[in-house]
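Here is a short note on this model for your review. Please read the points alongside the coordinates.

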Amino acid sequence: MAQPASLLLVDDEQDIIKLMEIYFGNEGYRIFTAKDGIQALEVLKTEKIDLIILDVMMPNMDGIEACMKIREEQNMPIIMLSAKSTDIDKITGLSIGADDYLTKPFNPLELVARAKSQLRRYHTFNGGRESKEHEWIIDDLIINTDTHEVWVDDKPVHLTPREFAVLELLARHQGSVLSMEQIYRQVWKEDFMESNNTVMVHIRKLREKIEHDSKHPKFIQTVWGVGYKMIKPM
């Protein structure tokens, strides 16, 4: 099973740390915390961190200095938090190595969404996951045909072998419509009967597991009268 991503939350305001711990904990992430840049650097010596959320204004070592020191050796995504909202503050944060910048007070759901986006980008372009040759990354859906693992929003999804086979087939033909007969013949290796609803049932179960809203699917789309297709990323 895939390890959940590890987040380092750095802020001297404990109320904000607790708020972030609740929201990111509910998403299944492993959480580490620090109250200033010095503590953050100590955590990075012993833990593998996938993303850092870093406050700017802190005692001992502020977020700007901490960000610069982190960037000397590591390239995981960094989202900076600050009560300062001027353009020059944002430019400063981004120019010294931060990947995103959010002004306090912030919406916790927006912060979670931004963190997920940064993690996906990091995994895609910086080798955050292994077996890239055997992987499809379709928005926030990741399919690894080598390990037969699937993730949505960085959370593992458990599929049956048949469900995975259907998903893999659709992923291999992204953007192309496959009929129920084509899917059945290639996955089940048997002749297809018109009255057979096996493919339809498996598509429904797949959507319940990988779609955010199975009634309004994003990944597996129905082409009425023809079959099904997997979306192709832009």
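1. Patches are built from residues with over 30% relative accessible area and no salt bridge; like charges are joined within 9 Å, nonpolar side chains (Val, Leu, Ile, Met, Phe, Trp, Tyr) within 5 Å. A salt bridge is a side-chain nitrogen of Lys or Arg within 4 Å of a carboxyl oxygen of Asp or Glu. Areas are Shrake-Rupley values with a 1.4 Å probe; for residues, only the protein chains shown count as cover.

2. This is a predicted model: local features need pLDDT of at least 70, side-chain atom pairs pLDDT 80 or more, while totals for chains, interfaces and linings use all residues. Residues are numbered from 1 along each chain as its sequence is written, and side-chain values use heavy atoms, without hydrogens or water.

3. Leu19, Ile22, Tyr23 and Leu109 form a nonpolar surface patch of about 360 Å². Helix 1 (residues 14–26) gives the most, with three residues. Helices (H or I, at least four residues) and strands (E, at least two) are DSSP runs, numbered from the N terminus.

4. Tyr23 lies in helix 1. Tyr23 is partly exposed because its relative accessibility is 31%; the class lies between buried (under 20%) and exposed (over 50%), with a 1.4 Å probe and protein chains only.

5. The chain has eight helices and eleven strands. Of its 234 residues, 46% are buried. The chain exposes about 12500 Å², with 50% of that from carbon and sulfur atoms.
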